Amino acid sequence: PSAEGGFAGKQVGKKTHRSGVKRPRAESMNRVTVVLGAQWGDEGKGKVVDLLATESDIVCRCQGGNNAGHTVVVEGTEYDFHLLPSGIINTKCISLIGNGVVIHLPGLFEEIDKNEKKGLKGWEKRLIISDRAHIVFDFHQAVDGMQEVQRQAQEGKNIGTTKKGIGPAYSCKASRTGLRICDLLADFKEFSARFKNLAQQFQSMYPALKIDIDGELKKLKDYADRIRPMVRDGVYFMYDAINGPPKKILVEGANAALLDIDFGTYPFVTSSNCTVGGVCTGLGIPPTNIGDVYGVSKAYTTRVGIGAFPTEQLNAIGELLQTRGHEVGVTTGRKRRCGWLDLVILRYAHMINGFTAIALTKLDILDVLDEIKVGVAYKLNGKRIPHFPANMEVLQKVEVEYETFPGWKTDTSAARKWNDLPPKAQNYIRFVENHIGVPIKWVGVGKSRECMIQMF
């Protein structure tokens with residue numbers, strides 16, 4: 001080493017040793033804001049994310065795959081997102097698909113093409129894909145469909161998956177046979193060998209499964225070239241974002257609390273953690289970096305597919321909510337089941353997620369009702385139970401205790417501030433807020449961005 005170099009080094013060493021100055025603790029990190037579904041999905045998370053994304057520098061997806069469907073309406077154009085973070089519309093914003101997301105590459109590019117036709121531009125400069133994200137293959141999707149048929153035959157009921165290959169891909173991840181984006185972009189020969197093994201493994205389990213291995217690999221090689229410029233190490237990217245200059249970072253949850261693999265209405269759930277823990281594992285960030293956690297809930301409850309649904313209304317009320325609310329799945333086109341707002345569920349979701357505030361959407365759908373009910377407790381054999389039952393047979397049996405409110409019978413869709421809402425609607429909102437113990441920050445009364453009333 002040069003005398004200069006050596007000298008400088010000694011000086012620094014001496015200096016620190018002598019003063020023993022405590023390093024200041026970095027308090028100036030950027031915290032991420034999280035938006036999560038508080039029911040069974042379809043709560044209007046896309047709308048809340050879109051609202052926050054207008055001011056965000058980075059918007060991240062942390063789990064799920066293209067089984068999610070987020071609709072965002074901008075200047076009259078309706079965009080449907082499945083894998084892309086809803087922030088992709090914002091030209092000043094980076095969109096990150098995190099390591100916890102499972103990516104079906106054909107689905108990703110199909111989605112991009114569709115949205116390009118609607119006017120999405122320059123997305124390739126704004127999209128970052130984590131190299132640790134797992135890949136969903138076409139055969140995962142085929143197997144997803146086969147498993148549903150099997151369940152129907154054996155048990156008389158299926159789970160009601162979106163058949164997007166999400167479960168099989170996460171199964172591969174858990175059984176350590178999965179392939180990731182980093183594998184696809186490394187040695188393609190090695191990747192091809194592992195892909196063949198995996199494909200053959202699935203074919204031995206599902207003899208009817210047809211896989212064009214060479215055809216698939218050819219397509220994957222093309223996708224590899226297309227995504228290469230967008231792939232980054234997500235851990236380093238997030239660390240820099242959090243510890244760098246001030247930035248607004250937003251995380252968009254897919255699915256919802258009651259569909260969480262650990263806390264949802266198992267087995268009628270998705271295959272990932274769609275509660276707050278999934279944000280840390282799905283992006284590689286510590287819990288201390290999480291700031292506000294916003295729960296999104298409809299002013300009533302919906303559920304797609306099968307599984308227990310205590311406040312479901314299999315009557316004219318349920319039909320009215322379904323038609324007025326246009327309750328049809330974005331990803332599957334299935335009609336959603338509808339019922340009254342269930343505060344047992346919201347309190348349970350809050351226990352797990354620690355919401356700092358809630359967005360209550362689709363209040364306007366209740367405008368025509370004479371009276372409105374809210375589920376406040378579950379009873380088993382006439383006795384209130386203090387928890388949300390884990391077992392589905394038990395949940396099927398609970399009796400819901402309701403509070404009844406008079407309807408406001410006025411059109412709220414033009415309301416833009418709290419005072420524009422009729423007193424009876426205000427009363428309904430305040431009751432929900434007090435019962436869950438979380439402030440309601442937004443109330444949604446329509447489809448577009450300006451229909452979100454901000455309360456504080």
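Which residues is His 435 in contact with, leaving aside its neighbours within four places in sequence?

Figure 1. The structure is a predicted model, in which local features need pLDDT of at least 70, side-chain atom pairs count only at pLDDT 80 or more, and totals for chains, interfaces and linings use all residues. Residues are numbered from 1 along each chain as its sequence is written, and side-chain values use heavy atoms, with hydrogens and water left out. His 435 belongs to helix α14, residues 423-436; helices (H or I, at least four residues) and strands (E, at least two) are DSSP runs, numbered from the N terminus. Leaving aside neighbours within four places in sequence, His 435 is in contact with Leu 343, Arg 347 and Val 376, contact being defined as heavy atoms within 4.5 Å. Lys 221 is 214 residues from His 435 in sequence and 54 Å from it in space, C-alpha to C-alpha.

**Figure 2. The positions listed by UniProt as "binding site".** An unreviewed UniProt entry lists Asp 42, Val 330, Thr 331, Thr 332, Gly 333, Arg 334, Lys 335 and Arg 336 under this heading. UniProt positions are given in the numbering used here, feature names are shortened, and annotations may be inferred rather than shown by experiment. From this set, Val 330 and Thr 331 are part of the lining of the second largest pocket. A pocket is, on a 1 Å grid over the protein atoms alone, an open set of points where a 1.4 Å probe fits, with protein on both sides within 12 Å along at least five of seven lines; lining residues have an atom within 4 Å of a point.

**Figure 3. Arg 334 and Arg 336 in the loop between α11 and β13.** Arg 334 is placed between α11 (316-324) and β13 (337-339), and Arg 336 lies in the loop between α11 and β13. Arg 334 counts as partly exposed because its relative accessibility is 26%, whereas Arg 336, at 7%, is buried. Buried means under 20% relative accessible area, exposed over 50%, and partly exposed in between (1.4 Å probe, protein chains only). Beyond four places in sequence, the contacts of Arg 334 include Gly 160, Thr 161, Thr 162 and Val 304. The side chains of Arg 336 and Asp 42 make a polar contact at 3.2 Å. A polar contact is a pair of N or O atoms within 3.5 Å; within protein, one must be able to donate a hydrogen and the other to accept it, and residues adjacent in sequence count only if both atoms are side-chain atoms.

**Figure 4. Asp 50 and Arg 449.** Asp 50 lies in helix α2, residues 45-53, and is buried because its relative accessible area is 5%. Its side chain makes a polar contact of 2.7 Å with the side chain of Arg 449. Not counting residues up to four places away in sequence, Asp 50 touches Val 72, Val 73, Val 74 and Arg 449.

**Figure 5. An open mixed sheet.** The sheet has 10 strands, in the order β9-β7-β5-β2-β10-β1-β11-β15-β19-β20, with mixed pairing. Its edge strands, each pairing on one side only, are β9 (231-232) and β20 (452-454). Two strands pair if DSSP finds at least two bridges between them. Strands β1 (residues 32-37) and β10 (residues 249-252) pair in the parallel sense over 4 bridges, and Val 34 stands opposite Val 251 in β10.

**Figure 6. Nonpolar cores.** A nonpolar core is a set of buried Ala, Val, Leu, Ile, Met, Phe, Trp, Tyr and Cys residues joined through side-chain atoms within 4.5 Å. The largest has 76 residues, and Met 238, Leu 363 and Tyr 428 have the most contacts inside it. Helix α12 (residues 343-353) supplies the largest share of this core, 6 residues. A second, separate core of 46 residues includes Leu 83, Ile 89, Ile 103 and Leu 184.

**Figure 7. Backbone features in loops.** A cis peptide bond, with omega about 5°, joins Tyr 266 and Pro 267; Pro 267 is found in the loop between β10 and α10 (277-283). Asn 255 is also found in the loop between β10 and α10, and has a positive phi of about 60° although it is not a glycine. Asn 255 is buried, with a relative accessible area of 11%.
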